[in-house]
Amino acid sequence: IASISSTPKTFPIGKGSAYRPVTLTITQDAITSTTYTAEVFNAAPTSRTLPSEHDKVSSVRYWNVVKGTGAGVTNAEITLNYDTDDGVTDPGHVRIAKDDGAGNWVIIGGTGSASGTGNITSNVNFTSFSDFTLANHQPGTNPLPVQLTSFTASVNRLDAVLRWGTATEVHNYGFEVERRGFAHLPAGQAGIRTDSRGYDAQNDWKKVGFVQGAGTSTSPREYTYVDAKLEAGRYAYRIKQIDSDGSFAYYSAAEIEIGAAAKVFALEANYPNPFNPETTIEFTLPTDGRAALKVYNTLGQEVATLFNEEATAGRIYQARFDGSLLPSGVYFYTLIHGGQQHVKKLVLMK
């Protein structure tokens with residue numbers, strides 16, 4: 001640009017299959033050639049603080065505009081173009097947010113031209129350039145593009161049950177479930193390095209499952225994922241929502257305690273029973289210390305040791321018995337701890 005008059009310039013830019021041109025209208029303070037560059041990114045912008053009357057920004061796309069050396073800018077406006085995957089469902093409440101360079105979004109106004117596909121032009125002048133994205137002005141209902149309404153984690157013995165809901169979805173490919181390593185240190189495992197919150201410092205967030213999304217939907221949806229057969233301890237979970245174009249955003253986090261139980265000496269009935277060839281046995285202890293869980297045949301001969309180590313009171317322990325190398329028949333499993341003993345019967349039926 002080499003003009004002091006209000007001059008609109010369109011940047012025909014896109015990324016991947018998303019064409020998202022930007023138009024800048026700039027007034028300079030001198031007739032000096034100045035270069036402006038623009039780029040669009042199909043990803044969530046860096047997290048910044050929003051003004052209180054706005055509740056979200058786009059998690060799928062932002063634009064970056066850079067001014068080179070040359071004339072100063074006395075005022076500018078920007079027009080952004082959006083399409084269905086940008087999640088504009090309430091154009092009257094969509095706004096343009098601009099990074100102020102200090103960790104905040106400032107709203108430079110505008111109103112969307114239409115739902116789905118349209119454009120929006122700022123109505124608050126600015127003189128510097130940075131990141132720009134779409135924001136929802138409350139009480140607007142723009143999902144931008146997936147709006148989670150809830151996320152809960154509950155415990156079913158040694159299973160973590162995660163549930164979450166969405167109000168609307170736009171090109172939602174699905175959700176990855178991520179878990180952070182447990183913090184509980186069983187007796188005899190002292191010395192494991194933990195971080196400031198008690199989590200095993202060796203374990204970072206790891207993907208443990210995936211749940212297919214609904215694509216594009218304007219109706220509420222409910223999702224469930226069960227992370228089964230965990231070791232006792234404390235876990236954290238979060239949801240990574242992925243769009244059809246590969247962009248993603250993280251939502252919500254929850255912590256739960258798995259395997260907590262009454263401090264009692266209890267040996268549960270194995271399941272299934274009869275079984276072939278594997279069955280599961282659970283037990284709890286009243287005090288910390290060594291415990292042994294063994295299986296015997298009807299002659300009193302030991303055929304398997306399932307557990308023989310230090311254990312913690314008030315935790316559910318689970319052991320699997322594989323009878324694939326044994327003949328059909330009746331067997332007995334025995335739990336020994338602190339001078340106490342429990343015995344129960346199981347049936348291997350091939």
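Is Glu-310 buried, partly exposed or exposed? At 32% relative accessibility, Glu-310 counts as partly exposed. We will come back to this residue and its partner below, after a look at the whole chain. Please keep in mind that this is a predicted model.

## The chain as a whole

Welcome to a chain built from strands: it has 25 of them and zero helices. The radius of gyration is 30 Å, well over the 20 Å that the globule rule gives for 350 residues, so the chain is more spread out than a compact globule. Along its principal axes, the C-alpha trace spans about 100 × 40 × 35 Å. Of the 350 residues in the chain, 48% are buried. If we take the contacts with a separation of 6 or more, 66% of them are between residues 24 or more positions apart.

## The largest nonpolar core

The largest nonpolar core holds 25 residues. Leu-24, Trp-63, Ile-78, Leu-80, Phe-129, Phe-132 and Leu-134 have the most contacts inside this core. Two or more residues come from each of the strands E4 (22-28), E5, E7, E8, E9 and E12. Strand E8 gives the largest share, with five residues.

## Salt bridges

Side chains of opposite charge can pair when their charged atoms come close. How many salt bridges does a search of the whole structure find? The search finds 17. Three of them are set out here.

| Salt bridge | N to O distance | Accessibility |
|---|---|---|
| Arg-48 and Asp-131 | 2.9 Å | Arg-48 17%, Asp-131 10% |
| Arg-61 and Asp-86 | 2.6 Å | both buried |
| Glu-310 and Arg-290 | 3.8 Å | Glu-310 32%, Arg-290 45% |

Arg-48 and Asp-131 form a salt bridge that links distant parts of the chain, 83 residues apart. Arg-48 sits in the loop between strand E5 (36-41) and strand E6 (54-57), while Asp-131 belongs to strand E12 (residues 131-137). Arg-48 counts as buried at 17% relative accessibility, and Asp-131 counts as buried at 10%.

Arg-61 and Asp-86 also meet in a salt bridge, and this pair joins two loops 25 residues apart. Arg-61 is in the loop between E6 and strand E7 (62-67), and Asp-86 is in the loop between strand E8 (73-82) and strand E9 (94-99). Both residues belong to a network of salt bridges that links Arg-20, Arg-61, Asp-85 and Asp-86.

Now back to Glu-310, whose salt bridge partner is Arg-290. Glu-310 lies in strand E22 and Arg-290 in strand E21, so the pair ties together parts that are 20 residues apart in sequence. Like Glu-310, which is partly exposed, Arg-290 is partly exposed, with a relative accessible area of 45%.

## Strands that pair

Strands of a sheet pair through backbone hydrogen bonds, either parallel or antiparallel. Strand E21 (residues 289-296) and strand E22 (residues 302-311) run antiparallel, joined by eight bridges.

Elsewhere, an open sheet of three strands has the order E19-E20-E23, with antiparallel pairing. Strand E19 (266-267) and strand E23 (317-322) stand at the edges with a single partner strand each, so one side of each is left without a neighbour in the sheet. Two bridges join E19 to strand E20 (residues 278-284), and the bridge partner of Leu-267 in E20 is Phe-283.

## A buried aspartate

One more stop is Asp-227, found in strand E16 (residues 221-227). Asp-227 counts as buried, because its relative accessibility is 7%, under the 20% cut-off. Its side chain makes a polar contact with the side chain of Tyr-237, at 2.7 Å. Leaving aside neighbours within four places in sequence, Asp-227 is in contact with Leu-158, Asp-159, Ala-160, Arg-179, Val-208 and Tyr-237.

How values were computed:
Residues are numbered from 1 along each chain as its sequence is written. This is a predicted model: local features need pLDDT of at least 70, side-chain atom pairs count only at pLDDT 80 or more; totals for chains, interfaces and linings use all residues. Side-chain values use heavy atoms; hydrogens and water are left out. Two strands pair if DSSP finds at least two bridges between them. Helices (H or I, at least four residues) and strands (E, at least two) are DSSP runs, numbered from the N terminus. Buried means under 20% relative accessible area, exposed over 50%, partly exposed in between (1.4 Å probe, protein chains only). A polar contact is a pair of N or O atoms within 3.5 Å; within protein, one must be able to donate a hydrogen and the other to accept it, and residues adjacent in sequence count only if both atoms are side-chain atoms. Contact means heavy atoms within 4.5 Å. A salt bridge is a side-chain nitrogen of Lys or Arg within 4 Å of a carboxyl oxygen of Asp or Glu. A nonpolar core is a set of buried Ala, Val, Leu, Ile, Met, Phe, Trp, Tyr and Cys residues joined through side-chain atoms within 4.5 Å. The radius of gyration is taken over C-alpha atoms; the globule rule is 2.2 Å times the number of residues to the power 0.38.
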